[in-house]
Amino acid sequence: MNVIDLRSDTVTKPSAAMRRAMADAEVGDDVLDGDPTTRRLEERIAALLGTEDALFFPSGTQANQTGIALVTEPGTELLLEANAHLVHSEVAGVAALSGVQIRPITTPDGLLTPELVRGVIRAPSPHVPRATALAIENTHNTAGGRVLNAAAVDALVRVAREWRMAVHLDGARLWNAAVAMGVPPARLTQGADTVMVSISKGLGCPVGSCLGFRKSLRAQAWEIRKRLGGGMRQSGMLAAAGLFALDQNLSRIGEDHANACRFAELLAGSPAVRPSVPETNIVMVDLLRERDTPETVVTRLATAGVRLAPWGPRRLRAVTHLDVGRQDVERAARIIVETLA
């Protein structure tokens, strides 16, 4: 049985052409002398993000944590949306690694606003920690791939500057946000001090993320990455996948968005589930019947040939990606409707 895996856009397998590019990559020891292919990827990513420089990381979490360490100080606060990836999915790294307290901001839809940010900023006092940075997630994963547009990002950067806070952008799926808004990725990073972007989500690479920043931060970022165990040797074999993906896969991300819309459209008539209206490549699927739970439904659907991720007490998540086409998502929707009928 051909199982359709919609758990994440990280389940993609490198294509034969991507594997060839990896095998043929020019490499060096990146810790000792530098890896030429890794440098090319970093330069390419920095240009796309509109940052002066970038550094290649083995994971988005490590890149995020390095970005937070660069823009905060131990004993201070990081402001961010209450359901951000940095809150729920990085095993308290902000506290454990940077000594920083999280100040969560509750939103109705995952999207920060200047008003909400100002509402949690506390007046200077010897009894409360200073807020040294604001983190923005774009797209917002748990909110169902919601997008902050350029004007919204600009407004958040302005309020951060008003309060002398730095800005970190968790742009794991920034490629999707840019395509959805019809703007270059650099338009959504303006004013951010550090920017994380993933190449293993959306672009189909097996491993990797990059962190963008100004050139003066490179030595410090390198040191933090080394401390976290992120120094890699012949990393050009992984970076080559990123260069290939930027050439071949970046331009097709809109197909994933269209497939997500089609998937949600086909589920809309089911009495058992209610899909969200996707802005990008994520569809949240809420269970409507009391007898259904994410755990039992996920098991039944996997047996029938569709894999979704449980995402809360009454919710599943589906993510479209380059390894599933239009026929796949249509078949997946039919299986869900029929299995839960």
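Of the 341 residues in the protein, 55% are buried. The model is a predicted one. A residue is called buried when its relative accessible area is under 20%. The accessible surface of the protein comes to about 14400 Å², and carbon and sulfur atoms account for 53% of that surface.

The overall dimensions can be checked against a simple expectation. A compact globule of 341 residues would have a radius of gyration near 20 Å, and the protein has 20 Å, so the two agree. Along the principal axes, the C-alpha atoms fill a box of roughly 55 × 55 × 35 Å. The chain forms 13 helices and 13 strands. Among the contacts with a separation of 6 or more, 72% are between residues 24 or more positions apart. As for charge, there are 38 positive and 37 negative side chains, and the centres of these two sets lie 3 Å apart.

Helix α3 covers residues 60-71. Its 12 residues should span 16 Å at 1.5 Å a residue, and its end C-alpha atoms are 17 Å apart, which agrees. How many of the residues of α3 are buried? The count is 10 of the 12, so the helix is largely enclosed by the rest of the structure. The buried residues of α3 include Gly60, Gln62, Asn64, Ile68 and Val71.

Helix α10 can be treated in the same manner. At 1.5 Å a residue, the 13 residues of α10 should span 18 Å, and the end C-alpha atoms are 18 Å apart, so expectation and model agree. Among the buried residues of α10 are Gly236, Ala239, Leu243, Phe244 and Leu246. The elements that the buried residues of α10 pack against are α1 (16-23), α2 (36-49), β2 (53-57) and α8 (174-181).

The loop between α10 (236-248) and α11 (253-267) holds Asn249. Is Asn249 buried or exposed? Its relative accessibility is 11%, and because this is under the 20% limit, Asn249 counts as buried. Setting aside residues up to four places away in sequence, Asn249 touches Met18, Leu203, Phe244 and Leu322. Of these, Phe244 is also listed among the buried residues of α10.

Another loop, between β7 (194-198) and β8 (209-213), contains Gly208. Gly208 has a relative accessible area of 3% and is therefore buried. Where does Asn149 lie relative to Gly208? The two are 59 residues apart along the chain, and their C-alpha atoms are separated by 25 Å.

The last stop is Pro294, which lies in helix α12 (residues 294-304). With a relative accessible area of 1%, Pro294 is buried. Pro294 and Arg315 are 21 residues apart in sequence, while their C-alpha atoms are 6.4 Å apart in space. Arg315 is also one of the residues in contact with Pro294 once neighbours within four places in sequence are left aside.

Terms used: Residues numbered from 1 in each chain as written. Predicted model: local features only at pLDDT ≥ 70, side-chain atom pairs only at ≥ 80, totals over all residues. Heavy atoms only, no water. Helix = DSSP H or I, 4+ residues; strand = E, 2+ residues; numbered from the N terminus. Rg over C-alpha atoms; globule rule 2.2 N^0.38 Å. Buried < 20%, exposed > 50% of the residue type's maximum accessible area, 1.4 Å probe, protein only. Contact = heavy atoms within 4.5 Å. Areas by Shrake-Rupley, 256 points an atom, 1.4 Å probe, with all protein chains shown as cover. Lys, Arg positive; Asp, Glu negative; His and termini not counted. Charge placed at Lys NZ, Arg CZ, Asp CG, Glu CD. Expected span 1.5 Å × (residues − 1).
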